[in-house]
Amino acid sequence: MAKGLTREDKLENIIKTLAKEIGAKVSFSKNDDVYLVSLDFQQKHLLDLRITRHTHEFCLECSDVNLLKVLNLVGFNDLYEILTKHDALPMKVVISKSIASRSLYILLAGREGIPSLPNIRVAIREAEESATSSYCRISRDENTCALLSDLISLGRELWKEFFGTMHENTH
């Protein structure tokens, strides 16, 4: 899905395969230039995908760590690996691509408890990148700053995949 995020025909096959594999109910709709996909799993909303001429947005609800595996199933393997490496379980994962501004966003809705996770926003543009979080903690058991750094690196790779090459002065 990461690579085919804009192709409706490929997307439908991927989503139908995912729904069958995890036992979810899928719905597709198209209204004017808006293409929507929704997945419900065990009577809870799991995934939304919205595609317009200007934006593409993937949104995954993560009520437990097992649902993070959906990232692997739809092609966001690197994001899954980063989150599991850092024991990061967000409430929600959003990956948004803005065509006009050539921007990519990775948003993680934080979680209270153990392990906790701050709200995280990563923005990648051709000549600019940033990562912000509601807190940054470094301790023996946790390094939120390393998570932010890994997410920026991933964001760069996804940006290149979605938009092409970046200028060399971006780091």
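1. Contact here means heavy atoms within 4.5 Å. Helices (H or I, at least four residues) and strands (E, at least two) are DSSP runs, numbered from the N terminus. The model is predicted: local features need pLDDT of at least 70, side-chain atom pairs count only at pLDDT 80 or more, and totals for chains, interfaces and linings use all residues. Residues are numbered from 1 along each chain as its sequence is written, and side-chain values use heavy atoms, with hydrogens and water left out.

2. Helix α4 (residues 144–163) lies across β5, β6 (103–109), β7 (120–125) and β8, at about 145 degrees to β6. Axes are lines fitted to C-alpha atoms, for helices over the stretch in contact, and angles run from 0 to 180 degrees between N-to-C directions.

3. The open sheet has 8 strands in the order β1-β2-β3-β4-β5-β6-β7-β8, with antiparallel pairing (two strands pair if DSSP finds at least two bridges between them). Since β1 (25–31) and β8 (128–133) are at the edges with a single partner strand each, one side of each has no neighbour in the sheet. Neighbouring strands are turned by 10 degrees against each other on average, direction ignored.

4. Within the sheet, β4 (residues 55–61) and β5 (residues 92–98) are joined by 7 bridges in the antiparallel sense. Phe 58 has Ile 95 of β5 as its bridge partner.

5. The axes of α3 (residues 77–85) and α4 come within 10 Å and cross at roughly 175 degrees, which makes α3 roughly antiparallel to α4 (over 145 degrees). Asp 78, Leu 79, Ile 82, Leu 83 and Lys 85 of α3 make the contact with Leu 147, Asp 150, Leu 151 and Leu 154 of α4.

Note on methods: Parallel < 35°, antiparallel > 145°, perpendicular 65-115°, else oblique.
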